[in-house]
Amino acid sequence: METEQSLGAGGERSLILQDEEVKKENLPSEEEEEEAAAADAEEEDEDALPHSEVLDIFEEGLARLVQDPLLCDLPIQVTLEEVNSQIALEYGQAMTVKVLKADGEIMPIVVVQNATVFDLKKAICRFMELKQQREGGVKHISWRYVWRTYHLVFQGEKLDDDTMRLKDYGIRNRDEVTFMKRIRKK
């Protein structure tokens with residue numbers, strides 16, 4: 001019986017070994033798997049669009065989105081920041097402050113409801129950066145020089161304290177703030 005059991009066990013072992021060899025023959029090797037994966041990647045690359053085409057498709061979709069009545073004030077080359085600002089305006093979470101430059105140009109600046117004077121100044125800087133990128137022109141503006149040379153003024157009151165909130169100065173949605181040249185004392 002012992003010999004039969006050992007033979008039976010040995011016979012089973014040989015069957016198992018034969019089954020494993022058959023499975024190995026049917027299974028692809030690691031190299032074959034890598035080659036198949038590379039071929040799949042090449043097929044996907046052939047189906048993928050070049051970057052320029054994807055960019056064109058995105059810009060077309062964005063142009064259609066900007067035609068929406070809520071977003072019609074935005075430029076064609078809109079940034080995510082501008083879209084979020086416009087949405088915040090619609091929900092009443094932000095306000096537009098019209099900043100009047102010395103040359104008569106009005107800049108619509110969007111800031112959050114509880115913004116400080118410093119936040120307004122940063123928003124003005126960002127607005128001008130985006131405008132320059134879209135239109136070209138001056139490469140660099142020295143904002144340190146601008147803020148040393150000009151005040152922001154609302155109804156005759158200088159907005160001197162950068163930490164003070166715009167609400168505290170009485171500035172509300174669609175109010176006008178002007179750039180006014182500082183008068184140096186000699």
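Me: Leaving aside neighbours within four places in sequence, which residues is Thr 116 in contact with?

Reply: This is a predicted model, where local features need pLDDT of at least 70, side-chain atom pairs count only at pLDDT 80 or more, and totals for chains, interfaces and linings use all residues. Residues are numbered from 1 along each chain as its sequence is written, and side-chain values use heavy atoms, with hydrogens and water left out. Contact means heavy atoms within 4.5 Å. With neighbours within four places in sequence left aside, the partners of Thr 116 are Asp 162, Thr 163, Met 164, Arg 165 and Leu 166.

Me: Is Thr 116 buried or exposed?

Reply: Thr 116 sits in the loop between β2 and α5. Helices (H or I, at least four residues) and strands (E, at least two) are DSSP runs, numbered from the N terminus. Buried means under 20% relative accessible area, exposed over 50%, partly exposed in between (1.4 Å probe, protein chains only). At a relative accessible area of 17%, Thr 116 is buried.

Me: Which residues does Leu 166 contact, leaving aside neighbours within four places in sequence?

Reply: Leu 166 is among the residues with the most contacts inside the largest nonpolar core. Such a core is a set of buried Ala, Val, Leu, Ile, Met, Phe, Trp, Tyr and Cys residues joined through side-chain atoms within 4.5 Å. Leaving aside neighbours within four places in sequence, Leu 166 touches Met 95, Val 97, Val 111, Ala 115, Thr 116, Val 117, Leu 120 and Ile 171.

Me: Which element gives the most to the largest nonpolar core?

Reply: The largest nonpolar core has 24 residues. Two or more residues come from each of β1, β2, α5, α6, β3 and β5. With six residues, the element that gives the most to this core is α5.

Me: What does α5 reach from its first C-alpha to its last?

Reply: Helix α5 covers residues 117-135, 19 residues in total. The expected span of a helix is 1.5 Å times one less than its number of residues. Close to the expected 27 Å, the reach of α5 is 27 Å.

Me: Which residue follows α5, and what is its phi near?

Reply: The buried residues of α5 pack against α4, β1, β2, α6, β3 and β5. After α5 comes Gly 136, with a positive phi near 80°.

Me: How many helices and strands does the protein chain have?

Reply: From the N terminus on, its elements run α-α-α-α-β-β-α-α-β-β-β. Buried residues make up 24% of the 186 residues. The secondary structure comes to six helices and five strands.
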